[in-house]
Structures are given as C-alpha cells and as structure tokens.
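Hi everyone, thanks for making time. Let me put the model up on the screen, and then I'll walk you through it.

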Amino acid sequence: MNTAIGETPQRTDWPGVFFALSIGVLAAYQQFKLPPVLPLLSENYGYDRLLAGGLMSAYAVAGLLLSIGVGRVLDSARGRWVVGSAFPLFLLGNAVCLAVPEIGTAMLGGRVLEGAGLAVISVAGPALAAQAAAPKDKPLAIALWATWMPIGQAMANLMAVPVLEDAQWTPLWWLAVALTVTIGAWALKRLSRAPAAPTVAAPPRTGTGKPSLSLPVILSSLTFMLWTVQYLAFTTWLPTFLVEERGLSLAEAALSQTISPLVLIPFNLLAGALVARGRSLPWLLAGSLVAQGLVWGIGPFVTGPAGFILLAIWGAAAGITATCLFSLPVALSSGAGASQAFGVLMTGRNVGVLVGPVLLAQALALWTRWSLSAQPFMAFSIVAAMGALWIGRYLRPLR
C-alpha cells in the first residue's frame, strides 16, 4: 500500500500482501457461509431449488455491474477509497438477511448487497497483492491471494458444524458482522495512510504488453467464467447432494465439504511456485481443468471412501486453476492496465457465479438425477481447458 503509482517495489511489502489476503478471506466467507446451511434454510423457509441457487447467484448481479468499473477506479487517485466501500455493503447485506429471512426476495436483496462488497474486493485484492510484491515475489503473492476463497470457504464450513448441530444458521451471519467490523477497522487505518491507488506495476517479462481489453484478456475472462460455473455449482450444491444422495447429516455434510478447500490451499501455493520457476502456465491450467471435469463425470457414481478421495482431487486441481487464472492478468498486461484486466477477469467470474448454482438447480429439475445433471459441468471444464491452451499462444511464463 505504500508504493507510488506505477512504481515497482524492490522489496516485498508482506504485511500489504497479507492485508490483501485478509480482506479476500472476509469476502469469501461472506459468500460461502450460505451453502452449508442452505438445506436448513430451504426447510425452514420453504425455499425451492431455484431460489436456493439464486441466493448464491445473487453475488454475481452486483459483480457484473461493478467489476470493470472498480478496476478502472483502482487505477485512479480514488482507488484506495473504493476498497473501503466493501465493508458497509457487507454490513448492510448481513443486516437485511438477519432481519427478514422468511421473505425470499429480501434475502436475495441482502445477498446482492454482500455481493457488491465482494465485487470490490475480488478486483482490489489481487491488485493490492501484486502491487505490494517485488518482481521476483509476484507469482508467490498472487498464489497467496488465490487462497482467499478456499480459506474463507473452509472457515464457513468449519463454523457451520457446531451451528448446524443445534439447527441454527444466524451465528454464521453474526460472525460475518463481527469480522467485517474488525477487518474494516484495520482497512480504514491502512487506507487512510496510503499515498497512492493500488495500481499493479508490471514485473519484468510479464507478457506481451497487450491492452487490458485485448483478445487474450477476454479469453481469460471466458475461461474464468466456465471454471466458475462448475466451481460454484459444486460448492453450492455439494452439501445438499451429500445429505440427499449419501444420507449424511447437515453437520457431516458441512465437515465433508471442508476437504476440498483445505486441499486446495497448498496446491494454490504449489502452482505459484511452479509458475515462478517458469513452468508452463497454460498447460498447468488446462491439466487442472481436465481433472476437475473428470471428477464431475465419475463423482456421482462413486460411494464410500473413494468419494472423499475424489473431493481431494477436485480441490487440488481447483487450487492450481485458481492460481493460474489470477496470474493471467499480470502476465498479459503491462503497467497500470493490469487492474483493468483484473476487472475484466472478474466479470467472467461473476457470470459464472450467476449461472453455476442456478444451472445445476435447473438441471436437477429437468433430469431429477444428480448423475445426469453433473455431465454438462464436465463439458464446461473440458472446454475451459481448450481455452487455456489457446491463451497460451499469447503469453510467456511469469518469472
């Protein structure tokens, strides 16, 4: 946060990197506190599958409207203040959900407000992490940032276990309020003394120097979209699948869902180390996407301990995918334009957030069988892998 606009730090500001990660974990917790309690909410308030999926997809509505604009503001002198806007949005959204959960449209509105906060953080976080890092540490900083979602998701799942044993859900929202106030106070302190906007300075040999709306950046956004479609469908509906198809309790399903994000985290960092050493980013990305697609294809037919092994494989592959995708804007853009490239990338992500949970709900309504409903998501992963190889024509490894 203490680097001037366009200036590349010679030494990494690790507190700045971990600040970026902390606000990302908060945003991810806000989003993923819902899936483990979704079966309970549906039972208590009569939500149908479409509305239940919409409570996750609602996060995309604000993101689609805000991501590119946030990226542009981050490249201006006002950039640091747009980061601070996320915290009141989180608080307002949580307040609405706690006040009137029985009104489905109000619950959707509260989730949209929370989603607006996440839209800000999802663009600002990687920009701040990359800005704080010296050139040699940028891949590691991006890999650390890429753990924001699995850490937040794992937190939500683990907190849900004791809460669900008492058939409660509101403690997860009250914890979100407490975390927002605490981290928001930290953010206010850092942002008030920041001399410049969180512009991403270009590391040496980061790519082709294409503008932020170039074809490879758009392809990256589309690949992120396809990956997010299957990621959000998987993480939203896995607890419901485990309860309905495997007979687990709500608490057991929440604990089982923790396997994937916990495995995901070390593979985020492993992918960062591989990218830093010049390993082929597009081939890493394509291989990890194919692995996730295979889990979609065979997972519904697997029972017993082998199912938990598949959850671990999916998590490991998703960790590699996330790091590779978050590395693409820095690898494809030069100078301040990387913040705008992150905004384009997040637009693709938000489309995936919008489509994924609702699409699986519609597939279940149409085919009624989990095994059939999973197959389109395998196809999305394979197509995304093909997109990754296409992107590889436009960039060189981050070193």
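T368 is exposed, with a relative accessible area of 61%, where exposed means over 50%, buried under 20% and partly exposed in between, using a 1.4 Å probe on protein chains only. T368 sits in the loop between α15 (337-367) and α16 (370-373). Its phi is near 65 degrees, a positive value in a residue other than glycine. As a reminder, most residues other than glycine have a negative phi.

Before going on, a word on where this comes from: it is a predicted model, so local features need pLDDT of at least 70, side-chain atom pairs count only at pLDDT 80 or more, and totals for chains, interfaces and linings use all residues. Residues are numbered from 1 along each chain as its sequence is written, and side-chain values use heavy atoms, with hydrogens and water left out.

A167 also has a positive phi, about 55 degrees, although it is not a glycine. Where is A167 found? Look in the loop between α8 (148-165) and α9 (170-192). A167 is partly exposed, at a relative accessible area of 43%.

Now the whole chain. The secondary structure comes to 17 helices and 0 strands; these are DSSP runs numbered from the N terminus, with helices being H or I of at least four residues and strands E of at least two. Of the 399 residues, 61% count as buried. Among contacts between residues at least 6 apart in sequence, 87% join residues at least 24 apart, contact meaning heavy atoms within 4.5 Å.

Residues making the contact include W283, L289 and W296 of α13, and F377, M378 and I382 of α17. By class, the contact divides into 14 nonpolar, 5 polar and no charged residues. For those classes, Ala, Val, Leu, Ile, Met, Phe, Trp, Tyr, Cys and Pro are nonpolar, Asp, Glu, Lys and Arg are charged, and the others, Gly among them, are polar.

On a 1 Å grid over the protein atoms alone, a cavity is a set of points where a 1.4 Å probe fits but cannot get out; a pocket is an open set with protein on both sides within 12 Å along at least five of seven lines, and lining residues have an atom within 4 Å of a point. Points are joined across faces, edges and corners, and a volume is the space filled by probe spheres set on them.

How much space lies in the largest pocket? About 430 Å³. Its lining has 22 residues, with L238, F241, L242, G299 and L311 nearest the centre. α10 gives the largest share, 6 residues. The lining has 17 nonpolar, 4 polar and 1 charged residues.

There is 1 cavity of 30 Å³ or more, and the largest cavity has a volume of about 110 Å³. Of its 14 lining residues, W148, M149, W227, A322 and F326 lie nearest the centre. α10 supplies the largest share of this lining too, 5 residues.
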